[in-house]
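Biologist: I have a model open and want to learn how to read it. Can you take me through some features, one at a time?

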Amino acid sequence: MNIERSKELITQLVAQQVTTFCVCAGARNAPLVRVLDSAVGVEVLSFFDERAAAFFALGRAKRDGRAAAVITTSGTAAAELLPAAVEAYYSGVPIVLITADRPKSYRGSASPQAIEQVGIFSHYASPAYDLDKSFSDIKISAVGATHINICFAEPLIDGEVPVLQFEAAVAIPISFSTREQDNRKVDLFMSKISRPLVILGALPVEERARTRNFLLQLNAPVYAEALSGLRESDELAHLQIRSGVTGLTAKSFGQLFDSVIRFGAVPTLRLWRDLDGELKNVPVLSVSQLPFSGLGRAADEQAVSFVDFWQSEFKLKVATADWAKHEQDANKKREYLLQQYPLSETGMLHALSEHISSESNVFLGNSLPIREWDQSASFSKPHPNIVANRGANGIDGLISTFLGWAATERENWLILGDLSALYDLNALALPTEEKTVRIVVVNNGGGQIFSRLFQDSRFLNRHSIGFEHWAKMFNYSYLKIQHGEFNKLSAIDTRVIIELVPDMQQTVKFGQEWGGPAT
Ligand SMILES: Cc1ncc(C[n+]2csc(CCOP(=O)(O)OP(=O)(O)O)c2C)c(N)n1
């Protein structure tokens, strides 16, 4: 029965385009491990750390546009999947969490490695199946995590292990279900505004060209985050607010704009948070692949889908307003500061962005790297292949997600903070195949994002740890850049850890003169 049911489960998942299985072997999931071991035509990868494996699967799903699965044994192994499930939920990435369990009769018994696995991911996994002896048809979700809890009685290997042959999978892009919306909501919103600010968060690749064409017609000022893939667009340059937070403050907002239209996922930009504070009366329309409003306003302010937005009928063309002059001045300041403080964190990220080729994959870590990249990355070198874990903005699992997302045919760059790196040190043991992997740790000695929020060192978790020995431990090359020696990047090994050590004084000066709040 166990082997038969394992075969049935894997076959059903492959039929739904799940072709990567991140396996964390233990005793209880042995039937699944053995069946996958002899399966042909699927990617089966081994992991010892379930949390890392789940983030790796999330990265794989982001890369391939279809769900990837992670398989654990019973007990706390299952609980390790929660952080990735949360990220998957808020970023709409499909993953399948398969947890092996002891038979139902063990529930509540505290017998070894029997914990309450049913419902363990709460609303972060839907649908959730609990398969005891029986088997039912599994239908995985196209967005977020699906949980399959499967009980295996002993003997665990209870039959001959079949050789499953699967055809090579065809990549199918994730299709986000359309929400039931009344697109008159869009027309009504548009009829009441005349000077919108457009903010672009992470945009699905397939919506980018259409969004860009629409913005050219609309003629409104646009703040494009890197994850939109349109930040460095030449066509949109004349509409863009490239000065970032210097140009976009809650104070100047009212003089320039009367509303906000957001495209894509929830933005990182500080001004977005002001929409729940100083700017709480500013009307906001969100157009997104996911329903989340990203604001603490009334619950009915769900984002409208792209489909609904494109079907609406409004006509609005914004007259060129005073923002262009305002932007020119603010942008001059940005450029001046980048030149003046090249060893600040932002200055260093600017230099780094000029060294990373446009064809590369770039993964941005939370919390400062993603903000600093938005502020400082070069506009003359586009980086359209760029992602982050911005569903729940966690600093956990970033290296694991990145390694799952990394592609064989490109250089893969990850830029993350020092605490985030410390959080996921064992990820370097994960499979990297033949990939070119560059992991940049911005080592500012702790969680410096908090130095801008609180005058209290308890928040920082300060340390004086360096990352050289970490690189050695996992057979990565190591490079330190402290005084602007970016030319070292012209000849580096396939797998390398690059430690960037910014100059604290320059970083502080940059922040003070920049003016706008950084978080
Ligand atoms: C799992 C998790 N724990 C805590 C936080 C809260 N948090 C946000 S940023 C941050 C510090 C990050 O430090 P570091 O990785 O060094 O990056 P930097 O401060 O330089 O951005 C923390 C603890 C979080 N986002 N995720």
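Modeller: Start with burial. Buried means under 20% relative accessible area, exposed means over 50%, and partly exposed lies in between. Keep in mind that this is a predicted model.

Biologist: Is F263 buried or exposed?

Modeller: F263 has 0% relative accessibility, so F263 counts as buried. It sits in strand β9, residues 259-263.

Biologist: How do I read a pair of aromatic rings?

Modeller: A pair of aromatic rings is described by the distance of the centres and the angle of the planes. Planes under 30 degrees apart count as stacked. F263 and W310 are a stacked pair, with 6.4 Å between centres and 20° between planes.

Biologist: Where does W310 lie in the chain?

Modeller: W310 is in helix α10, residues 306-311. F263 and W310 are 47 residues apart, so the pair links distant parts of the chain. W310 is buried because its relative accessible area is 17%, and the cut-off is 20%.

Biologist: What kind of pair do F309 and F314 make?

Modeller: Their planes meet at 55°, so that pair is tilted. The ring centres are 5.6 Å apart. Both F309 and F314 are buried.

Biologist: Which residues form the aromatic cluster?

Modeller: One cluster holds F214, F263, F306, F309, W310 and F314. The structure's count of aromatic pairs comes to 24.

Biologist: Next, charges. How do I read a salt bridge?

Modeller: Side chains of opposite charge can pair when their charged atoms come close. The cut-off is 4 Å from nitrogen to oxygen. This structure holds eleven salt bridges. One of them joins E154 and R28, at 2.7 Å from N to O.

Biologist: How many residues separate E154 and R28 in the chain?

Modeller: They are 126 residues apart. E154 is in the loop between β6 and α6, and R28 is in the loop between β1 and α2. E154 is exposed because its relative accessibility is 56%. R28 is at 8%, so R28 counts as buried.

Biologist: Which salt bridge does E43 make?

Modeller: E43 meets R60, at 2.5 Å from N to O. E43 lies in strand β2 and R60 in helix α3, 17 residues apart. E43 is partly exposed because its relative accessibility is 22%. R60 has a relative accessible area of 1%, so R60 is buried.

Biologist: What about D101 and R107?

Modeller: Their side chains form a salt bridge too, at 3.4 Å. Salt bridges with shared partners also join R28, R102 and E154 into one network.

Biologist: Where does R102 lie relative to Y106?

Modeller: R102 lies over the face of Y106, at 4.1 Å from the ring centre. R231 lies over the face of F379, at 4.0 Å from the ring centre.

Biologist: Now the surface. Which residues make the nonpolar patch?

Modeller: F450, L453, F454 and F459 make a patch of about 330 Å². L453 is in the loop between β14 and α16. It is partly exposed because its relative accessible area is 43%.

Biologist: Is N444 buried or exposed?

Modeller: N444 is in the loop between β14 and α16. At 11% relative accessibility, N444 counts as buried.

Biologist: What does N444 contact, beyond its neighbours within four places in sequence?

Modeller: N444 is in contact with E345, L368, D418 and M504. N444 and L500 are 56 residues apart in sequence, and 8.3 Å apart in space, C-alpha to C-alpha.

Methods
Residues numbered from 1 in each chain as written. Predicted model: local features only at pLDDT ≥ 70, side-chain atom pairs only at ≥ 80, totals over all residues. Heavy atoms only, no water. Patch = residues over 30% accessible without salt bridge, like charges linked within 9 Å, V, L, I, M, F, W, Y side chains within 5 Å. Areas by Shrake-Rupley, 256 points an atom, 1.4 Å probe, with all protein chains shown as cover. Helix = DSSP H or I, 4+ residues; strand = E, 2+ residues; numbered from the N terminus. Buried < 20%, exposed > 50% of the residue type's maximum accessible area, 1.4 Å probe, protein only. Contact = heavy atoms within 4.5 Å. Phe/Tyr/Trp six-rings, centres within 6.5 Å; stacked < 30°, edge-to-face > 60°. Lys NZ or Arg CZ within 6 Å of the ring centre and 35° of its normal.
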